[in-house]
There are 2 protein chains.
Amino acid sequence: MYGRLSRRANASTVKRRRAPGARAGAAQAASPRDQVRAWRQAHEKQIVGDFATLLSKPNVATTLADVDANAVYIQGLLETRGFTTRLLRAAPGTPASVFAELKVPGAKRTVTFYAHYDGQPISQKGWISTPFEPSMRTALPEAKPVDWKDAARLDPDWRLFARGAGDDKGSIQALISAFDALKAAGIKPSVNIKLLYEGEEEQGSPHFASLVAQNLETVRGDLLIMGDGPMHQSGKQEINFGNRGFVGFRAVVYGPLKPLHDGHYGSWAPSPTVMISSLVMSLRDEDGKILIPGIYDDVRPVSASDKAALAALPDVETDLKKAMGLGRNVGGPRLADGYMRPTLNIRAIHGGDDGPNAANAIATEANASLDFRLVPGETPARVRQLTEAWLTRQGWFIVRGTPDLATRLAHPKIVRIDWDAGESIATESAMDSPAAKAVAASISRTAGYPVLKLPFMGGSSGMAEIVNQLKAPMVGVAIANYDDNQHAQNENLRLGNLWDGIEVYAGLLADLDW
Amino acid sequence: MYGRLSRRANASTVKRRRAPGARAGAAQAASPRDQVRAWRQAHEKQIVGDFATLLSKPNVATTLADVDANAVYIQGLLETRGFTTRLLRAAPGTPASVFAELKVPGAKRTVTFYAHYDGQPISQKGWISTPFEPSMRTALPEAKPVDWKDAARLDPDWRLFARGAGDDKGSIQALISAFDALKAAGIKPSVNIKLLYEGEEEQGSPHFASLVAQNLETVRGDLLIMGDGPMHQSGKQEINFGNRGFVGFRAVVYGPLKPLHDGHYGSWAPSPTVMISSLVMSLRDEDGKILIPGIYDDVRPVSASDKAALAALPDVETDLKKAMGLGRNVGGPRLADGYMRPTLNIRAIHGGDDGPNAANAIATEANASLDFRLVPGETPARVRQLTEAWLTRQGWFIVRGTPDLATRLAHPKIVRIDWDAGESIATESAMDSPAAKAVAASISRTAGYPVLKLPFMGGSSGMAEIVNQLKAPMVGVAIANYDDNQHAQNENLRLGNLWDGIEVYAGLLADLDW
């Protein structure tokens with residue numbers, strides 16, 4: 001049933017390959033990429049309809065029942081297509097990863113494709129549509145609702161708005177559609193396929209390490225392909241070879257037990273809003289430098305090959321500043337250079353009543369939410385230790401719950417620290433392994449130009465646990481437009497990115513070979 | 001109808017004074033204070049019922065219709081008691097002040113009593129009852145609901161919870177009940193009475209200066225008594241001779257136009273949460289010192305008499321720390337010493353999504369809400385100027401509205417500053433004027449001990465405008481328990497404070513003389 005590509009295919013042979021009896025000209029559509037494209041063009045509304053159905057399932061990572069419903073639905077999609085599937089859980093009551101496997105007769109390599117189907121919270125203000133009622137909209141900046149079902153044609157610059165569209169259900173849809181396209185064209189995959197679709201990535205994957213450890217042989221592959229994260233801002237195809245690690249925490253500082261009139265007590269009672277500002281500014285400066293002593297000690301110098309790869313990336317910074325309304329940037333001039341060092345972001349800071357409810361009062365407490373991105377060499381445990389040591393040196397007494405009265409009276413400066421459940425070390429994989437080179441060659445063939453290479457991405461991934469446990473080569477292949485608003489309101493996927501993603505995944509499935 | 005007190009009454013004569021035919025012992029109740037007390041004891045439930053009705057009228061300062069309904073209701077209460085009343089407004093559409101006047105035959109002095117009937121916003125979390133459904137509750141810390149209507153007796157440690165109970169409708173209720181008590185006892189006021197009850201104090205009195213200027217002769221008195229603010233923390237009767245001034249603002253700083261994934265952009269995109277923390281820390285330090293150059297230049301040294309008055313205040317700081325769960329204080333050790341210098345409080349700081357909605361993102365903006373308390377010699381205009389000059393020197397480009405794209409791109413650091421509509425200079429009045437001495441003598445007689453004297457209070461007051469325009473002596477007479485949670489959730493007035501307040505006001509009405 002499958003028409004198998006030559007195991008020795010390369011860019012030139014693939015381009016020359018024709019289906020038996022193919023004719024010259026537009027009607028020929030004989031290359032695998034063109035066959036996939038033709039199938040997609042004939043099935044665009046069906047693909048969008050399927051994707052909208054997938055996106056209509058609420059997937060906020062903290063709501064287990066919702067997440068499980070997604071898992072079961074995706075499992076069904078893959079069973080229908082002939083995959084053997086299982087739901088893997090680290091323990092009862094934790095989110096499932098959807099595992100699916102397809103053995104291909106004659107294939108010698110196994111590729112494990114990773115993505116995640118859970119999503120970030122949805123309560124950010126300013127959604128122009130309902131997060132789980134997918135809304136097709138015209139190109140930015142208008143983004144007007146459009147009736148895609150009755151449209152004569154789907155504009156590739158249209159975007160489908162929904163939580164999870166870009167991060168990360170788009171990768172799942174692209175792979176499934178790629179599989180359908182190859183099947184319709186009679187092209188047999190060149191490798192055994194394993195799919196591992198995580199359900200708690202947006203929580204920081206608190207149980208994923210255990211899940212992977214318990215199922216190491218099940219998920220094992222000769223190559224790991226991570227389908228998560230945005231594409232390069234230039235819009236060019238890009239692959240990466242790892243992710244930064246992650247560790248985050250929430251800090252709460254305490255003032256008076258009851259709000260106090262700030263005229264009568266403002267010169268005397270400690271102010272939690274000031275305390276939290278001070279705590280923040282003791283951890284990093286405005287330019288992004290982390291001020292925790294020792295935090296950079298474990299950071300490895302950037303290698304010559306990484307420097308070369310970074311230098312080869314197209315300039316995007318000027319356009320990014322314009323698009324984001326930024327009159328400056330912090331850190332160094334090049335965006336991706338910053339991925340080579342740890343970053344501390346203040347996700348949120350809150351204290352006191354805001355807006356029309358503001359009272360002239362001293363708040364009872366204030367909090368900040370922070371997260372580190374870690375580079376190879378750093379560990380979450382060491383970062384936690386250095387952070388707490390630095391806070392302690394500054395006079396903070398660290399507690400793990402709400403302090404009682406005796407604790408409050410005994411310690412002048414108290415901070416409650418709650419570390420995020422999910423944390424990870426960075427992952428990195430060689431840029432020049434045979435498997436990595438095969439991925440680069442495949443995508444370059446599909447794209448028609450040399451794929452961009454990023455030593456590792458700025459973001460983090462649940463994939464880190466598989467990479468670090470399996471020690472297999474890993475390549476990140478992202479398909480989402482960079483401006484997909486992931487983690488924010490109005491998340492979206494540009495249709496053209498979905499179309500390109502289908503071709504990229506189909507290419508990988510069809511001709512990966514090393 | 002009125003039994004007039006001797007113009008030469010003093011503590012000893014008042015204590016010796018008896019109603020004609022009075023007998024010895026408890027039944028005698030012949031001193032004015034005792035007569036007032038006896039009337040109150042006989043009418044406690046009626047007083048509480050009237051007070052609860054007053055408190056049930058929503059009075060959030062920003063809702064004009066609600067505020068107006070309060071004004072009309074209070075006007076009616078005073079008309080019924082024989083006062084000539086008017087509603088004064090600075091302009092149509094601004095909150096009314098209730099003005100009421102009662103001329104007393106033979107009286108040579110006129111005393112203008114000030115209070116305000118509007119209240120702070122109510123949306124703070126943690127109200128144990130509904131802010132405008134007054135709830136009687138047992139003594140702290142239990143504060144359990146109690147059926148006062150059917151109770152055998154009202155415990156003076158019970159508290160009535162409602163927005164405005166302590167700040168500042170309690171003063172209005174105390175004066176009205178004091179008037180009723182004197183009338184019932186046949187005691188004629190010793191002075192002509194003017195009442196001026198403001199309706200926008202909690203907004204910072206943006207129109208009150210104009211209102212006073214337009215009605216200067218109407219409101220003029222030989223003495224101004226301000227009935228606002230809490231009593232001394234020791235529970236002792238206290239008078240003050242002014243208030244600090246006020247000027248506040250809200251600052252908004254800007255990051256990317258859309259939230260950005262903090263893994264991909266955290267090392268490159270400016271962070272509004274960090275920027276607002278940095279802005280805050282550039283204005284004041286954790287110990288309360290204001291860091292704006294020149295801000296202390298206009299501050300007058302504390303006079304010897306003020307120092308003596310401050311030194312005479314009882315120690316309350318140790319108990320306050322215990323009550324508020326504070327392991328330290330900022331500034332100097334004595335609470336009231338801090339009132340002699342300006343204070344900058346950070347009312348609120350906000351940026352990014354909090355709690356379960358937190359996203360690993362760089363926020364688009366962050367804000368802080370701040371207010372200064374000013375001492376004599378400082379002006380809001382100068383403080384505004386110094387603050388903005390300091391921000392500008394630090395590289396902030398100040399805007400007055402949301403910046404457009406061109407502005408964002410042209411300026412690396414933008415802060416939107418919105419100064420509060422209401423602002424005031426400090427007020428101060430001589431501690432040793434004849435009128436001030438008469439007030440001190442009256443309250444000392446009522447209380448049975450020498451009243452405490454505070455040069456000025458930490459808080460601010462709409463009264464500042466009358467004081468500064470009329471140049472009449474001013475004395476602040478507060479009756480609310482210090483722990484009335486003013487400006488916060490669970491505002492309350494302790495019943496015993498209302499009872500004492502009625503006696504204090506009755507004493508002032510009956511025997512003020514200079």
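What rotation and what shift along its axis superpose chain A on chain B? A rotation of 180° with 0.1 Å of shift does so, at an RMSD of 0.0 Å, where copies are superposed by least squares on the C-alpha atoms of residues with pLDDT of at least 70 in both. That is the relation of a two-fold axis. The model is predicted: local features need pLDDT of at least 70, side-chain atom pairs count only at pLDDT 80 or more, and totals for chains, interfaces and linings use all residues. Residues are numbered from 1 along each chain as its sequence is written, while chains are lettered from A and ligands numbered from 1 in the order in which they are written.

**Interface between the chains**

- Chain A puts 80 residues in contact with 80 residues of chain B (contact: C-beta atoms, placed from the backbone, within 7 Å).
- Of the interface residues of chain A, 100% are also interface residues in chain B, so the copies meet through the same surface.
- Elements giving two or more residues to this side of chain A include helix H9 (272–283), helix H11 (317–324) and strand E16 (365–374); helices (H or I, at least four residues) and strands (E, at least two) are DSSP runs numbered from the N terminus.
- The largest share, eight residues, comes from E14(A).
- By type, the side of chain A that touches chain B divides into 32 nonpolar, 34 polar and 14 charged residues (nonpolar: Ala, Val, Leu, Ile, Met, Phe, Trp, Tyr, Cys and Pro; charged: Asp, Glu, Lys and Arg; polar: the others, Gly among them).

**Strand pairing across the interface**

- E14(A) and strand E14 (residues 343–351) of chain B run antiparallel and are joined by three bridges (strands pair if DSSP finds at least two bridges between them).
- His350(A) has His350(B) as its bridge partner in E14(B).

**Domains of chain A**

- Domain 1 covers 46–242 + 426–511 and domain 2 covers 245–299 + 341–419, with bounds from an automatic or database domain assignment.
- Six residues from domain 1 and eight residues from domain 2 make the contact between them.
- On the domain 1 side, the residues that touch domain 2 are two nonpolar, three polar and one charged.
- The domain centres, taken over C-alpha atoms, are 35 Å apart.

**Overall form of chain A**

- Chain A has 16 helices and 22 strands.
- Its C-alpha trace spans about 90 × 50 × 50 Å along the principal axes.
- Buried residues make up 54% of the 514 residues (buried: 20 or more other C-beta atoms within 10 Å of the residue's own, placed from the backbone).
- Among contacts with a separation of 6 or more, 80% are between residues 24 or more positions apart.

Key. Contact = placed C-beta atoms within 7 Å. Buried ≥ 20, exposed ≤ 12 C-beta atoms within 10 Å, placed from the backbone.
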